[in-house]
Amino acid sequence: MSTILIVDDDPRFRLQASNLLGSDGFEVVGEATDGASGLEAARSLQPDFVLLDIGLPDVEGFEIADALANDGQAPMVVLTSSRDARAYGRRLASSPILGFIPKERISGAAIRALVDQS
């Protein structure tokens with residue numbers, strides 16, 4: 001079983017993603033509502049994956065992904081947004097992430113597909 005941390009400011013999305021990913025074989029080890037608490041949780045909980053919203057209230061998910069990549073044992077980061085990937089252009093390609101999944105397509109299978117592609 002893979003562990004995952006969900007970082008998103010929308011409580012409904014966190015609940016939905018937690019239920020969905022839990023039923024898809026992931027163990028949700030924590031949730032965070034902003035970038036600062038997400039970074040702290042990722043460092044303390046050491047999940048295999050971090051599902052990270054790009055549009056957080058305090059900092060962009062890209063910055064958190066960069067900070068985690070600079071850590072020694074960085075988790076695999078999956079960025080998500082309600083916006084289309086094209087809205088982020090080259091930033092997605094240059095970011096140290098496993099990949100991007102739109103919020104409406106979040107699933108364990110989608111995350112595993114990113115792992116298989118890497």
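**Entry 1: an exposed loop residue**

I began with Gln-46, which counts as exposed at 60% relative accessibility. My cut-offs, with a 1.4 Å probe and protein chains only, are these: buried is under 20% relative accessible area, exposed is over 50%, and partly exposed is in between. Gln-46 is found in the loop between H2 and E3.

I noted what I was working with. This is a predicted model, in which local features need pLDDT of at least 70 and side-chain atom pairs count only at pLDDT 80 or more, while totals for chains, interfaces and linings use all residues. Residues are numbered from 1 along each chain as its sequence is written, and side-chain values use heavy atoms, with hydrogens and water left out.

**Entry 2: the start of the chain**

Next I looked at Thr-3, which lies in strand E1. Is Thr-3 buried or exposed? Thr-3 counts as buried because its relative accessible area is 16%, under the cut-off of 20%. I listed its contacts, meaning heavy atoms within 4.5 Å. Not counting residues up to four places away in sequence, Thr-3 touches Glu-27, Val-29, Gln-46, Pro-47, Asp-48 and Phe-49.

I then followed E1 to its partner. E1 (residues 2-7) pairs with E2 (residues 26-32) in the parallel sense, over six bridges. Two strands pair if DSSP finds at least two bridges between them. Across this pairing, Ile-4 stands opposite Val-28 in E2. With helix H1 (residues 11-23), E1 and E2 make a right-handed β-α-β unit. Right-handed has a viewing rule: with the strands pointing away from me, the path from the first strand over the helix to the second runs clockwise.

Ser-18 lies in helix H1. Ser-18 is buried, with a relative accessible area of 17%. Beyond four places in sequence, Ser-18 touches Ile-6, Val-28 and Glu-31.

Gly-38 lies in helix H2. At 2% relative accessibility, Gly-38 is buried. Which residues does Gly-38 contact, leaving aside its neighbours within four places in sequence? They are Leu-5, Val-7 and Ala-32. I also checked a distance: Gly-38 and Glu-63 are 25 residues apart in sequence and 11 Å apart in space, C-alpha to C-alpha.

**Entry 3: the cores**

I looked for nonpolar cores, meaning sets of buried Ala, Val, Leu, Ile, Met, Phe, Trp, Tyr and Cys residues joined through side-chain atoms within 4.5 Å. The largest has 21 residues, and those with the most contacts inside it are Val-50, Leu-52, Val-77, Leu-79 and Leu-92. Two or more residues each come from E1, H2 (35-45), E3 (49-53), H3 (61-69) and E4 (76-81). H3 gives the most, with four residues. A second, separate core has 14 residues, among them Ile-6, Leu-51, Val-78 and Ile-106.

**Entry 4: rings**

I found three aromatic pairs in the structure. Rings of Phe, Tyr and Trp (its six-membered ring) pair if their centres lie within 6.5 Å; planes under 30 degrees apart are stacked, over 60 edge-to-face, and the rest tilted. Phe-26 and Phe-49 are edge-to-face, at 5.6 Å centre to centre with 75° between the planes. This pair links distant parts of the chain, with Phe-26 in E2 and Phe-49 in E3, 23 residues apart. Phe-26 is buried at 4% relative accessibility, and Phe-49 is buried at 5%. Elsewhere, Phe-62, Tyr-88 and Phe-100 form one aromatic cluster.

E4 and E5 run parallel, joined by four bridges. Leu-79 stands opposite Phe-100 in E5. From E5 (residues 99-102), Gly-99 and Ile-101 point one way, Phe-100 and Pro-102 the other way, and all are buried. In a regular strand the side chains alternate between the two faces of the sheet.

I finished with Arg-83, found in the loop between E4 and H4 (90-94). Arg-83 is partly exposed, at 47% relative accessibility. Leaving aside neighbours within four places in sequence, Arg-83 is in contact with Tyr-88 and Phe-100.
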